[in-house]
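Hi,

Here is the structure I promised to pass on.

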Amino acid sequence: MKQTKIPLPIARFQGNMSGRYAGLHAILWKARLLATRFRDFALLFVGHLPTNSLRVVLYRLCFRMKIGKGARVDTGCVIWGPSRITIGAGSVVNRGVILDGRFPLTIGENASISLDAVILTLEHDLFDAGFRSIGAPVLIGDRVFIGTRAIVLPGVMIGAGAAVAAGSVVTKDVEPHMIVGGVPAKPIGSRPANLVYQLHQS
């Protein structure tokens, strides 16, 4: 998936701004920063509430996350850009997972994201002289399994029924029902093509 280069923050280049415009810009920048920090604190607070049903309701109502019926988001998850995150019905996001919604992040139905996995949609471009950020949407299909401490990088599409071994780093698309592992992740096997299990808990 094509990555998008993010412009460098405007606030770093205000040396030639003068008078009231510079002051107004500084005030607006600080207000935005304060609002972002408040939102991050609120997300962190919601992420440590004791029941899944309460967490999910607040994620939906307060942060506009799209979470399907029966999906579970365990405690201690770190969430960025919640309004661009979609989690399908019956999916399970386990403790300590990082979900990066700075670009659209879509998780299908009955997917299982294991402890401390990281799903990124934005990263730094190591080949850019200005070290700018680049990002792209991530799509994780139905009944995908992502193992403990695996990392999925921006722009990756993981096909339905695929699996990512624990500790792997996924840098490229994964075909449906393929099992990948390693750094970078490579095919190591395949899952049955007729997966029918449901993770939804009534």
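Leu126, Phe127 and Phe131 make a nonpolar surface patch of about 450 Å². Patches take residues with over 30% relative accessible area and no salt bridge, joining like charges within 9 Å and nonpolar side chains (Val, Leu, Ile, Met, Phe, Trp, Tyr) within 5 Å. A salt bridge here is a side-chain nitrogen of Lys or Arg within 4 Å of a carboxyl oxygen of Asp or Glu, and areas are Shrake-Rupley with a 1.4 Å probe, counting only the protein chains shown as cover for residues.

This is a predicted model, where local features need pLDDT of at least 70 and side-chain atom pairs pLDDT 80 or more, while totals for chains, interfaces and linings use all residues. Numbering runs from 1 along each chain as its sequence is written, and side-chain values use heavy atoms, without hydrogens and water.

Phe131 sits in the loop between strand S11 (122-124) and strand S12 (133-135); strands are DSSP E runs of at least two residues, numbered from the N terminus. Phe131 counts as partly exposed because its relative accessibility is 44% (buried is under 20%, exposed over 50%, partly exposed in between).

Now the sheet: five strands pair in parallel, in the order S2-S5-S8-S13-S16, and the sheet is open. S2 (66-67) and S16 (157-158) are the edges, each with a single partner strand, so one side of each lacks a neighbour in the sheet. Pairing takes at least two DSSP bridges; S5 (residues 85-87) and S8 (residues 105-107) have three, in the parallel sense. Ile87 has Ile107 in S8 as its bridge partner.

Cheers

Conventions:
Helix = DSSP H or I, 4+ residues; strand = E, 2+ residues; numbered from the N terminus. Buried < 20%, exposed > 50% of the residue type's maximum accessible area, 1.4 Å probe, protein only.
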